[in-house]
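This report goes through one protein chain step by step. Please look at the sequence and the structure below before reading on.

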Amino acid sequence: HAAAALQGGHSAHGDSWRLMALILTALGRSSSAEQLCNASLSKISVGASQAKMFAVLAAVQHSAGSSKDALLSLSQALARCSGDPTLSRATPSTRHFNILSVANTEEPARASGEEARALNCEAEVWQQVVDMYADLNQLEDAKLCCKEAIALLGPHHHVSLNCSARVLEAVGHTDEALREYHRALVISSSSMQKLSATLRSGLLLTQKVLEADSNADSEATMQLALSHLNASLLIDPHQPVALQAKARLYREAGLLEEATNLLHSAIKMQPSLPVMSFRTLPRRL
């Protein structure tokens, strides 16, 4: 489908290029996916489409272990969101972005139309940066980038709440993180933001079950963890990490056969996963 869409007059169709790149990563061809991302950037019009392609490129690079290149790609994504393709907001050794001095956490003026979409695009890139820094345990950088997302959309937007929760989770404030994820889940209209909140909540609750001292506390937390993990799998069933977490809970409950089946499913699924969910693409594709 993607190959057909890219022929003739459809060469500038950014969503199809992203689909092709994700298919290549699902086939285990990360190097080819990176080459395709770079080649497509000259064919996609500057703006949100280029920003989304840079975000895919960053995910490919991060999965291949090249975090520095991934951060540079995300800086290019932010530059496209801002409307200035000549702007590079990162260097190989920063903290890695030219962070604004943001002290204001009040709700910004409400944007609409193209402006709202541009702000949301930029905030979601900052969210990807926050996730990457959290994975790298660069917590001060994660905090600063979280403030950037909040400055764009305000502290009560679901992207801002997911960013805040991810930072709280990374610094070990589990209960506070769970509250922020819950707030994001309640207000979000985005399936991907709901997925992020439910999955991260399920993983945190699973960890609480495994660390619990009391069986009574563990049972209630286990049911809540399973509820979140199942909700995330309803949004996207192709999540080995969620299946593995469920398997750990089932093993804790003594359901060894069910746990084994889940682990087998997760192992079978893992090699064919793209670096980003196909659900990040428009449904019309």
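## Buried and exposed

A residue counts as buried when its relative accessible area is under 20%, as exposed when that area is over 50%, and as partly exposed in between. A59 has a relative accessibility of 13%, so A59 is buried. This residue sits in helix 4, which covers residues 48-63. The C-alpha atom of A59 lies 9.6 Å from that of L71, and the two residues are 12 apart along the chain.

The model is predicted. Of the 285 residues in the chain, 44% are buried.

## Overall layout

What secondary structure does the chain contain? There are 13 helices and 0 strands. Read from the N terminus, the order of elements is α-α-α-α-α-α-α-α-α-α-α-α-α.

## How some helices cross

With helix 13, the axes come within 8 Å and cross at roughly 165°. An angle over 145 degrees counts as roughly antiparallel, so helix 12 and helix 13 are roughly antiparallel to each other. The crossing of helix 12 past helix 13 is left-handed.

The other partner is helix 10, residues 191-211. The axes of helix 10 and helix 12 come within 10 Å and cross at roughly 25°. An angle under 35 degrees counts as roughly parallel, so helix 10 and helix 12 are roughly parallel to each other. Helix 10 passes helix 12 in a left-handed crossing.

Side chains of opposite charge can pair when their charged atoms come close. How many salt bridges does a search of the whole structure find? The search finds 8.

One of them joins the side chains of E140 and K143, with an N to O distance of 3.3 Å. Both residues belong to helix 7 (residues 139-153), where they are 3 residues apart, about one turn of the helix. E140 has a relative accessibility of 45%, so E140 is partly exposed. K143, at 32%, is partly exposed too.

E180 and R183 also form a salt bridge, and their closest N and O atoms are 3.0 Å apart. Why are E180 and R183 separated by about one helical turn? The reason is that E180 and R183 are 3 residues apart in helix 9, which runs over residues 174-187. Is E180 buried or exposed? The relative accessibility of E180 is 15%, so E180 counts as buried. R183 counts as partly exposed because its relative accessibility is 34%.

The side chains of D236 and R279 meet in a salt bridge, at 3.3 Å from N to O.

R279 has a relative accessible area of 38%, so R279 is partly exposed.

## A salt-bridge network

Which residues are linked in a network of salt bridges? The network contains D131, D135 and R166.

## A nonpolar surface patch

I23, L27 and F278 form a nonpolar patch on the surface. Together they have about 260 Å² of accessible area. F278 belongs to the segment after helix 13 (256-269). F278 is partly exposed because its relative accessibility is 35%.

## A loop residue with positive phi

N137 is not a glycine, yet its phi is positive, at about 65°. Where is N137 found? N137 lies in the loop between helix 6 (113-135) and helix 7. Helix 7 is also the place of the E140 and K143 pair described above. The relative accessible area of N137 is 56%, so N137 is exposed.

Conventions
Residues numbered from 1 in each chain as written. Predicted model: local features only at pLDDT ≥ 70, side-chain atom pairs only at ≥ 80, totals over all residues. Heavy atoms only, no water. Patch = residues over 30% accessible without salt bridge, like charges linked within 9 Å, V, L, I, M, F, W, Y side chains within 5 Å. Areas by Shrake-Rupley, 256 points an atom, 1.4 Å probe, with all protein chains shown as cover. Salt bridge = Lys/Arg side-chain N within 4 Å of Asp/Glu carboxyl O. Helix = DSSP H or I, 4+ residues; strand = E, 2+ residues; numbered from the N terminus. Buried < 20%, exposed > 50% of the residue type's maximum accessible area, 1.4 Å probe, protein only. Axes fitted to C-alpha atoms, helices over the stretch in contact; angles between N-to-C directions. Parallel < 35°, antiparallel > 145°, perpendicular 65-115°, else oblique. Left-handed = near helix turned anticlockwise from the far one by under 90°.
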